[in-house]
Amino acid sequence: MNGSRDLCSKFSARLEEVPGVDIWLAPPFVYVHTLACDTRLRGFVSVGAQNVHGDVQGAFTGEVAATMVGDTGATFAIVGHSERRTIYRENDTIVDRKLKSCLDANLISVLCVGESLEQRQEGSAQTVVQHQLQALKNLLETIQIAEVVVAYEPIWAIGTGISASPVDAEEMHGKIREYLGSERSDLRILYGGSVNPKNAEELINQPNIDGFLVGGASLDPGSFNSICQIVGRS
């Protein structure tokens, strides 16, 4: 719940294309159409939503269906973000319904997974993440791999300024790829958790980290551009 029409205009004017890098923006719902229809950005940016509802329609005042998101010109949606799981108590069943809703609406799903600090400290991080991935694992034989992106975001590193070490992040990314099937090497796995221009290079150079789900740094076009350029050089 950050940003404004003015920030959309700044991104329109300042965001730079980086050859070989897919650049996606996920603004609040009210700005999705604005950015999706921006004539300058349309050539090199994909636009999506930060959330969807798990049903196609119904008496769910204030909610937005995946099909509605698609009608705005968006091409993807984020589901299961750590803030949705922790603040709004979205469990795996709810997130799995949202995942299927996106797939049915021909939206690429960015499925977020990650453990809390307590879960990591007690040694259950891998089990937690695998449980969050179970529904996707069951779907992989029936969908195109390009229809989904996995984003690993350790909850303890979201908005805290604390990033998982490159070693920790790489280890979990490798475990995710192994769990979903090592033969699915084309599955994109992003890292999200206090990514910034200072730590992006070391993180993106890890073999199993394919890109980033950028949080706070995405509110500044200059920082976001820098991260995109770092990915492009790697």
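Lys and Arg are counted here as positive and Asp and Glu as negative, whereas His and the chain ends are not counted. On this basis the protein chain of the predicted model carries 19 positive and 29 negative side chains, with the centres of the two sets 4 Å apart, the place of a charge being taken as NZ of Lys, CZ of Arg, CG of Asp or CD of Glu. Residues are numbered from 1 along each chain as its sequence is written, and side-chain values use heavy atoms, with hydrogens and water left out. Local features need pLDDT of at least 70 and side-chain atom pairs count only at pLDDT 80 or more, while totals for chains, interfaces and linings use all residues.

The structure holds 9 salt bridges, each defined as a side-chain nitrogen of Lys or Arg within 4 Å of a carboxyl oxygen of Asp or Glu. One of these joins arginine 97 to aspartate 55 at 2.8 Å, N to O; because arginine 97 lies in helix α5 (residues 92–104) and aspartate 55 in the loop between β2 (45–49) and α3 (66–71), the pair ties together parts that are 42 residues apart in sequence. Helices (H or I, at least four residues) and strands (E, at least two) are DSSP runs, numbered from the N terminus.

Arginine 97 is partly exposed at 42% relative accessibility, as is aspartate 55 at 25%, where buried denotes under 20% relative accessible area, exposed over 50%, and partly exposed in between (1.4 Å probe, protein chains only). Glutamate 90 and lysine 98, by contrast, are both buried, and their salt bridge has its closest N and O atoms 2.6 Å apart. Salt bridges with shared partners link Arg84, Glu90 and Lys98 into one network.
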